[in-house]
Amino acid sequence: MQRSVIDLKVYDPQDFPAYLPKLNKLYDDLFAGGKGFRAKLIRMMGANLNLTAKEELLLGQTIEFIHNASLLHDDLIDRSHLRRGKTAAWLKYTPEYAVLAGDYLLARVMVNLSGHGNIKLVQYTAEVISDLLEGEWLQDSVVGDFFVTLEQLDRIHNLKTASLFKWCIRAPFIAQERYEEELHRTLEEMGTLLGQLFQRSDDLLDYNIRNDEGKAILGDLKSGYLNSFGAFICQGKTRQEIDSIVKSKTLEEYYFAIGGKAHFDQKLAAFDEMNKSLIQMYDHHLARLQTFLKPGEEKLIDQLRPLTEILYWRRKPS
Amino acid sequence: MSQLITLSKSSPEFESYLLGTFSQDKRALPVQTLNVNSASETVTFRIVPITSLQRPEFFTVFLQTFKVKSFLLILVPLFLVLTINLADSAPLDPQTTVLATIGVLLAFVSVNLRNDYMDHMKGVDRVLEKSGSRAIQNGWVTAAQVKFYSSVLLALAILCAIPIIIALPDVIWVLGASVAVGLWAQFKKQNSFKYRIGGELALFLMFGPFLTVGYQQAMGILWDAESVALGCLWGWLVLFVVHLKNFANILPSAQAGFTNTINWLGFDKARRLLAFWWVIFVLFNLVYHGAYAGKYWGFYASVVLIFLSFSFIARLKNISSPAGSELQGVYRSGFKLFLTTIGLWVFECLWYLLQ
């Protein structure tokens, strides 16, 4: 059964009480237009691991609630005016409402999950939320820092971005009360790699690389944030060179500042090559995952394999 | 093309891959993990043929493996004790002095290598990407080789110590205390590699008063309050650098659950600790000079250090992120103070010698 993100909005009738119309309107705006990639990932896991429809809905809804709560807070922190092509919630409904709406989503996550009764799932989800918030906090603390290194950004992205990917692939096993340590270590590494690849690919959009979504060019840089590809380019550059790079207003100015388009392409190839080794690592862990699956669950491997194609190369798997 | 292999601690091959003894023509390079809790239990290795490794020239490998840069930590106090005694025209024994110098240096390199080996086996080098010499992580040497070098150098250091102990039996007390503290720190690390506050105390004693007192005794001169004070001063300065380094690694080491003074205090209090530690050092240096050295040197050195401290304190005050590049800026600024202090001391000692 196909389900859109907006369908995931409600798990329990109590989720969004009718006596809070503004809150409902805000959520309708927020959820509509989302791709629901994480919920789709849950559905894929659930279908192969034989989760019940109720469990699948709970997990799908949980991840979308957490993700959307982070977007509400993120837009306010970044002062982003647009979210999914529409006015951001903090601008449309006031910052106070945006904060409350984000907090409310996180609270509903805990209410719904604790109602399900799996305490390990509740605990793990709470850990992921705290990781996410730590990541947000740390990311904000490096805004304006144009000398930040790729390693430092990786640590931030592991908290902010990868934590949700890890949750998507670990939570279905936890919901089934499958707690083998080795299995979860493997899933943890896979989630980290998916998160890093997704983030790095998303950061490339800023430089108009594989940017089919039409994301704003040099948006991160203009808002004072040196993203992973920016940090990779700036590696080994002098303070003066970095000063001139970060002042670029257009891609042409950027190419000029780093030493020409050819140099940019060279750096991009090196960046892709580095990420290919992450993809190789993901495939390695995927093969390990196979050893932990029960008979009948093997199809999961085939479905998880193309994720790196989708998330990093942003193309449909062949 | 490299291949990947993941092994858990329970696997019988685990140790041979970590040690690098699993193959004659391949190296197993542990892949860094951001999931710190799994760092020591499960390790993914990239298996690379030795021929395909990018290996710098021998000299670079040597300098990095043996961490020649860190020799400063041991050579400076030896130089200070030696020149102070030469300037005081103390009756030192040239043979035991030479033996002690070589022995201390060998023991230091041995401990350094052993530390890198332990960090590799325990997974610390997979959590802190800049820890240690990185020679094992780069595949230039295997952990087994590092352990072997460490043992050989330790044996040589013991050989150097034996004639000194025979000639000057009192040295055995300081040597015994140093060995006891060293073994205690190693034992703590082996059992709980995440606890490091005890290690900081061990570093202070071994790089500080134990070293200066032991070296002075090994030169055939009775230990005195000055050698203890000098040791405490140097030990304090060494710990300043250790705290600086821990501060630069505050995020990954806190995530990994390492307990050192900096993590224990947290980011904001740690900044205050660093400033406080440095101010105490400057005062201690002034008091030391007032008691044992030229007061004018104490005054001039303090003026220079106070003047240079402003930018360090300002950096500490302005740093806002435990994850950004400012951490390295603070480290570099603090390390410059450390190097400047050494420069001033060396200049001062040469001045005394030439008098």
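Helices here are DSSP runs of H or I of at least four residues, and strands are E runs of at least two, numbered from the N terminus. The model is a predicted one, where local features need pLDDT of at least 70, side-chain atom pairs count only at pLDDT 80 or more, and totals for chains, interfaces and linings use all residues. Residues are numbered from 1 along each chain as its sequence is written, chains are lettered from A and ligands numbered from 1 in the order in which they are written, and side-chain values use heavy atoms, with hydrogens and water left out.

In chain A, helix α12 spans residues 239-246 and includes A:Arg239.

Over in chain B, helix α3 (residues 72-87) runs for 16 residues and reaches 21 Å from first C-alpha to last, close to the 22 Å expected (1.5 Å times one less than the number of residues). Quite a list of α3(B) residues is buried, including B:Leu73, B:Ile74, B:Leu80 and B:Ile84 (buried is under 20% relative accessible area, exposed over 50%, partly exposed in between, with a 1.4 Å probe and protein chains only).

The loops on either side of this helix are worth a look. B:Lys67 sits in the loop between α2 (58-65) and α3 of chain B, and has a positive phi of about 45° although it is not a glycine. B:Ser89, in the loop between α3 and α4 (94-122) of chain B, is not a glycine either, yet its phi is positive at about 55°. B:Ser89 counts as exposed because its relative accessible area is 61%.

Finally, helix α6 (residues 143-167) of chain B holds B:Ile166, which is exposed at 65% relative accessibility.
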